[in-house]
Amino acid sequence: MVERQGWQVNHKKFRRIYREEKLQVRRRGGRKRALGTRRPMVVLQRWSLDFVSDALTDGRRFRILTVVDDHTQENLALVADTSLSGLRVTRELDRLIVERGAQGTIVSDNGTEFTSMAILRWVQETGIDWHYIAPGKPAQNAFIESFNGRLRDECLNETLFSSLAEAPEALEAWQESYNYQRPHSALGNLTPMEFAEKMNMDKLAA
């Protein structure tokens, strides 16, 4: 009961009158956040995508689409060209899916190629979850960032390309070394391909 200067009002009646007169103060909401950016992601069946830039000896720029399997740490694709549109990205992904099967999640930044209509249509058609990291937060895509650093230090910074036609051969040789010859401590000192083969054997034995 609320008592004031000799009169009493029932709590329920007091609240009803308060609502009817619209005297309640609207609660202040929290800051709006983009849905999905904080959702935990399962590493199994997850690919990360990004672009790396380089230049030919004559100064012309070209880009490389990099694709990494976050679970096995395999480098799945290194696609070099002067222009890599969203449509080209979907074609490369379709090729990888034919070879390896569909993935549960794909992770990328918010670059124009990855947010293009071609990508959005592809996501709708395939039903694959495409996760965009928060703007300015490359650490949220740490797998591909680490890989890109190795690619630049060990291949791009050590190789002079006089023409775009020379890039695929050099990239393929480095990719083979990375996947087949180099043990990774995070994989129990196995190469990415050895780890992938072990994972497949474990699935068959289960």
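The model is a predicted one, in which local features need pLDDT of at least 70 and side-chain atom pairs count only at pLDDT 80 or more, while totals for chains, interfaces and linings use all residues. Residues are numbered from 1 along each chain as its sequence is written, and side-chain values use heavy atoms, with hydrogens and water left out.

Gln175 sits in helix 5, which covers residues 167-181. Helices (H or I, at least four residues) and strands (E, at least two) are DSSP runs, numbered from the N terminus. With 18% relative accessibility, Gln175 counts as buried; buried means under 20% relative accessible area, exposed over 50%, and partly exposed in between (1.4 Å probe, protein chains only). Beyond its neighbours within four places in sequence, Gln175 touches Asn75, Leu76, Ala77 and Leu78, where contact means heavy atoms within 4.5 Å.

Stepping back, the protein chain holds 6 helices and 7 strands, and along the sequence these run β-β-α-β-β-β-α-β-α-β-α-α-α. Out of 206 residues, 36% are buried.

What about the nonpolar cores? A nonpolar core is a set of buried Ala, Val, Leu, Ile, Met, Phe, Trp, Tyr and Cys residues joined through side-chain atoms within 4.5 Å. The largest one has 19 residues, and Trp47 and Leu49 have the most contacts inside it. At least two residues of this core come from each of strand 3 (46-55), strand 4 (61-69), strand 5 (75-81), helix 2 (86-100) and helix 3 (117-126). Helix 2 gives the largest share, 4 residues. A separate core of 17 residues includes Val52, Leu171, Trp174 and Tyr178.

Helix 2 and helix 3 also meet each other. Their axes come within 7 Å and cross at roughly 30 degrees (axes are lines fitted to C-alpha atoms, for helices over the stretch in contact, and angles run from 0 to 180 degrees between N-to-C directions). On the helix 2 side, Gly86, Leu87, Val89, Thr90, Leu93, Asp94 and Ile97 make the contact, facing Ala118, Ile119 and Trp122 of helix 3. These residues split into 7 nonpolar, 2 polar and 1 charged, with Ala, Val, Leu, Ile, Met, Phe, Trp, Tyr, Cys and Pro counted as nonpolar, Asp, Glu, Lys and Arg as charged, and the others, Gly among them, as polar.

Most residues other than glycine have a negative phi. Gln73, in the loop between strand 4 and strand 5, has a positive phi of about 65 degrees without being a glycine, and it is buried at 17% relative accessibility. Asn189 likewise has a positive phi, near 60 degrees; Asn189 lies in the loop between helix 5 and helix 6 (192-205) and is exposed, at 56% relative accessibility.

His184 belongs to the loop between helix 5 and helix 6 and is buried, with a relative accessible area of 3%. Leaving out neighbours within four places in sequence, His184 is in contact with Gln73, Arg150, Tyr178, Asn189, Leu190 and Pro192. Between His184 and Thr72 there are 10.0 Å in space, C-alpha to C-alpha, although the two are 112 residues apart in sequence.
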